[in-house]
Amino acid sequence: MTTTLTSEDPAATALTPAISLRGLRKSFGDVHAVDGVDIDIAPGEFFSMLGPSGSGKTTVLRMIAGFELPTAGEIRLDGADVTREAPFSRDVNTVFQDYALFPHMTVLQNIEYGLRVKRVPRAERRTRALDALARVQLEAMAQRKPSQLSGGQRQRVALARALVNRPKVLLLDEPLGALDLKLRREMQVELKQLQRDLGITFIFVTHDQEEALTMSDRIAVFNRGRIEQVASPQELYEQPATAFVAGFVGTTNLLGAEASLQLLGSQGAHALRPEHIQLHDAEPDVVAAGVIHARGTVSEVIYLGAATHTIVDLDQGGSLIVQRQNDSSAQPERAGQRGGTAHLTWQRTHCVPVDAAV
């Protein structure tokens, strides 16, 4: 009989967060790596912690795992306080970027190792390990050594080894970072599908905004030990709360207070995504209500394959990036040439007010 790797029914525990962090802090001497983090993560959620190196996201993950003790604050797992519990006492497992596989063991032995330490009987151990291998589609690799596998296959083995213990929460510390771009994108899709099939809570740490947007139900953006915003991928991209979030999640144009006043007639800073700006080689005959018009000179044209970024230095000062898709319907424009005059238009509603503090 095949053992099914599923977590407790999320509907039954919908009122209790899988992970709850309150006032979480971690200091290393005078350095505050994590400075007051509050998060509730729902059962069965794919939750990502996104931010640059040194922003505190990995330290938070290590405190959830029990590898680091917080300086202050509380960590609850399924309602139980585990703040001071040892790692092996917590119903979580961690997958690291380097996979941490035992090179002298076969794939099957690597997956069985944690169960052997827990003294799970041999027959059950083998059944659960084979089931975990089937989950990641590596049954044919059971007797190979890690050195005989590709990077993507080693990553799957590390996942299977973590999942075989049936954790309520799986922690992933930049597990795709060592893969090349093509394989990383393939694994993003596979990892999300696996998480949906299992129904286990995934907490994923990354500095790659594309990864976070692709896989997550919600994302927490970290900066200097604090959370700038927690939101769905779409909300995070379309409605960034701060200038930092707008700049870190995708490409954006930040209109400072002075530029906002000149162009929009509005106070405060605003974010404007490049794909929301239209580029014209002549001044529009009519500018409709609710549309902003600006003039400038093209300073740079950057070909990116699927799209082209055109940087326009505005007559009012400052510059804007305009993104155009390189599809068959796109017409060449004189405004797209370096040194040419460009007229830009965009909907006022696409300018999102943001907190300029970074």
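Trainee: In which strand is the place of histidine 343?

Mentor: Please keep in mind that this is a predicted model. Histidine 343 lies in strand β17, which covers residues 341-347.

Trainee: Is histidine 343 buried or exposed?

Mentor: A residue counts as buried when its relative accessible area is under 20%. Histidine 343 has a relative accessibility of 5%, so it counts as buried.

Trainee: Which residues is histidine 343 in contact with, leaving aside its neighbours within four places in sequence?

Mentor: Histidine 343 is in contact with Gln278, Leu279, His280, Asp281, Ala282, Glu283, Pro284, His293, Ala294 and Arg295. With histidine 293 there is also a polar contact of 3.0 Å between the two side chains.

Trainee: Let us turn to sheets. In what order do the six strands of the open sheet stand?

Mentor: The order is β6-β7-β8-β3-β9-β10, and the pairing is mixed. At the edges are β6 (92-95) and β10 (226-231); each has a single partner strand, so one side of each is left without a neighbour in the sheet. From one strand to the next, the twist averages 20°.

Trainee: In what sense do strand β3 and strand β9 pair?

Mentor: Strand β3 (residues 46-50) pairs with strand β9 (residues 218-223) in the parallel sense, over four bridges. Within this pair, methionine 49 has alanine 220 of β9 as its bridge partner.

Trainee: How many residues has the largest nonpolar core?

Mentor: That core has 36 residues, and those with the most contacts inside it are Ile111, Leu159, Leu170 and Leu172. At least two residues each are supplied by α2 (107-117), α3 (122-135), α4 (151-163), β7 (169-173), α5 (181-198) and β8 (201-206). The largest share, six residues, is that of α4. A second, separate core of 25 residues includes Met49, Leu61, Leu77 and Val205.

Trainee: What does leucine 172 touch, not counting residues up to four places away in sequence?

Mentor: Leucine 172 touches Leu61, Val95, Leu159, Leu191, Phe202, Ile203, Phe204 and Val205.

Trainee: Finally, which residues are buried in α3?

Mentor: The buried residues of α3 are Arg125, Arg128, Ala129, Asp131, Ala132 and Leu133. What covers them includes α2 and α4. As for its length, α3 has 14 residues and reaches 20 Å from its first C-alpha to its last, close to the 20 Å expected at 1.5 Å a residue. After α3 comes glutamine 137, with a positive phi near 60°.

Terms used:
Residues numbered from 1 in each chain as written. Predicted model: local features only at pLDDT ≥ 70, side-chain atom pairs only at ≥ 80, totals over all residues. Heavy atoms only, no water. Pairing = 2+ DSSP bridges. Axes fitted to C-alpha atoms, helices over the stretch in contact; angles between N-to-C directions. Core = buried A, V, L, I, M, F, W, Y, C linked by side-chain atoms within 4.5 Å. Buried < 20%, exposed > 50% of the residue type's maximum accessible area, 1.4 Å probe, protein only. Contact = heavy atoms within 4.5 Å. Polar contact = N/O pair within 3.5 Å; in protein donor to acceptor, adjacent residues only side chain to side chain. Expected span 1.5 Å × (residues − 1).
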